[in-house]
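Please keep the sequence and the model in view while reading.

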Amino acid sequence: MLVWIRWGVHGSPMCTLGDFDDQVQYLLVSEMLDPVEIQQIDLMIVKFQEKLRTRWDGANLLLYGSLMIGIGLKTSDVDLYLRIPNYNNTADAYVIYETAKLLHTEPSKYSNIQLKYNAVGPMITFYDHSTKRFIDVSCNGRVRMEKLRLIGYYLRLDKRHIQLTTIVKLWAKVNKLTGGTLYSYSVYLLVVFYLQQKKMAPSVYEMQASMPPGLLRKYNTDYEKLPFTVVNNETLYDLLGGFFKYYADFNYEEYCVSPHVGRPVAKIDFDSEKTAPKEFLLYEEYMETVAIQPMVNEVLCVQDVLSHRNILRKANAEFDSHFINIFKDAAKKYDEIPKEKFLRSIFKVDGDKDISKEGENVEVYETLKLIDCFDNV
């Protein structure tokens with residue numbers, strides 16, 4: 001079947017014709033890591049770990065980030081957590097510095113080596129020539145790994161979960177929601193919370209209720225992977241459209257997005273530990289330490305899956321407006337644009353000519369190419 005395509009999300013072809021499911025399939029295959037690329041990354045990790053063990057016996061590299069939860073993109077960096085036996089956090093800077101020295105010994109394999117310091121501590125970034133991608137290494141990634149492990153549980157409950165999350169992640173990047181104030185992790189939380197509203201995922205509280213708290217830096221990171229059957233049979237198309245409509249209509253002024261309890265929580269409930277919902281067992285401790293209070297007073301409030309902090313606390317009025325408007329725009333397109341043209345329409349960015357309208361002659365596009373799209377899936 002011959003179809004027209006245009007250069008897509010990250011410079012790869014994107015189907016604009018065919019039905020919605022065909023377009024999704026092609027988009028995901030075009031944008032997500034393929035088995036060969038995953039194998040290359042696995043091999044790189046093994047070799048890098050072997051090199052580290054020439055310096056520290058028992059050094060261990062653990063994968064986290066988008067690749068850990070099964071939605072790695074062709075443009076994704078590789079995030080690694082370096083764990084060394086008998087070392088604590090006070091040695092992180094030293095370990096990162098020594099790692100940089102090791103990398104500098106093989107300039108043909110590793111380049112663009114940079115030492116950085118972010119909110120979670122020292123880290124190193126470098127370019128790996130074997131995989132042709134950037135690698136980020138941190139010694140202080142335990143809490144982040146626990147959060148992503150929980151996200152991974154949610155996304156594996158149903159194949160539609162990963163498909164929906166990947167499409168939304170790409171949409172958010174194209175529409176400039178992520179890359180600055182909003183990180184991909186925020187997108188994951190928005191999707192998980194939406195799935196909880198659809199009864200397609202349990203709340204974090206449900207998974208923690210029968211277990212004693214397993215505290216890591218005052219966060220309860222223990223949970224039970226409940227046997228959960230997804231009975232919702234909505235199509236991916238309707239779930240995607242419903243996602244946009246849900247957040248287009250959400251009452252951001254009064255409520256928080258809270259994956260912990262799996263329902264919107266009134267901001268006023270966090271005025272004190274006495275009025276906090278009963279599900280927030282550790283909230284009293286948060287109130288005692290200003291540095292880790294949930295901070296729900298901002299317009300946009302999306303609570304972290306484990307710490308309950310507002311991960312959008314650094315947003316400004318301009319971003320708030322863009323966030324809400326971009327959801328309203330996508331929701332409107334879902335209501336008004338034919339199903340087979342909806343996916344293309346939500347990836348349209350400023351400067352693109354709209355080809356979602358009936359009767360448009362796609363032959364005018366210089367970037368369009370005629371290929372057998374589905375033979376390449």
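Asp34 caps the N-terminal end of helix 2, where one of its side-chain oxygens lies 3.0 Å from the backbone nitrogen of Val36. Such a polar contact is a pair of N or O atoms within 3.5 Å; within protein, one must be able to donate a hydrogen and the other to accept it, and residues adjacent in sequence count only if both atoms are side-chain atoms. The model is a predicted one, in which local features need pLDDT of at least 70 and side-chain atom pairs count only at pLDDT 80 or more, while totals for chains, interfaces and linings use all residues. Residues are numbered from 1 along each chain as its sequence is written, and side-chain values use heavy atoms, with hydrogens and water left out.

Helix 2 itself covers residues 35–53 and spans 27 Å from its first C-alpha to its last, close to the 27 Å expected at 1.5 Å a residue. The expected span is 1.5 Å times one less than the number of residues. Helices (H or I, at least four residues) and strands (E, at least two) are DSSP runs, numbered from the N terminus. Glu37, Ile41, Met44, Ile45, Phe48, Gln49, Lys51 and Leu52 are the buried residues of helix 2. Buried means under 20% relative accessible area, exposed over 50%, and partly exposed in between (1.4 Å probe, protein chains only). Seen down the axis of helix 2, its buried residues fall within an arc of 155°, so they line one face of the helix; the arc is that of the directions from the helix axis to the C-beta atoms. An α-helix has 3.6 residues a turn, so residues three or four places apart point the same way. The face turned away from the buried side of helix 2 carries the exposed residues Pro35, Val36 and Gln39. The buried residues of helix 2 pack against several elements, including strand 3 (60–64), helix 3 (92–104) and strand 5 (110–118).

Asn316 caps its N-terminal end, with a side-chain oxygen 3.2 Å from the backbone nitrogen of Glu318. Among the buried residues of helix 10 are Phe323, Ile326, Phe327 and Ala330. The buried residues of helix 10 pack against helix 5, helix 6, helix 8 and helix 11.

Which residues touch the most other members of the largest nonpolar core? They are Trp171, Leu240, Phe244, Phe323 and Phe327, in a core of 74 residues. A nonpolar core is a set of buried Ala, Val, Leu, Ile, Met, Phe, Trp, Tyr and Cys residues joined through side-chain atoms within 4.5 Å. Helix 6 gives the most to this core, with 10 residues. Leaving aside residues up to four places away in sequence, Trp171 touches Leu177, Phe244, Ile326, Phe327, Ala330, Ile346 and Phe347; contact means heavy atoms within 4.5 Å. A second, separate core of 26 residues includes Trp56, Leu67, Leu80 and Ile124.

Ser186 is found in helix 6 and is buried, with a relative accessible area of 3%. Lys198, by contrast, has its place in the loop between helix 6 and helix 7 and is partly exposed, at 25%. The side chains of Lys198 and Glu234 are joined by a polar contact of 2.8 Å.

For the protein as a whole, there are 11 helices and 12 strands. Buried residues make up 53% of its 377 residues.
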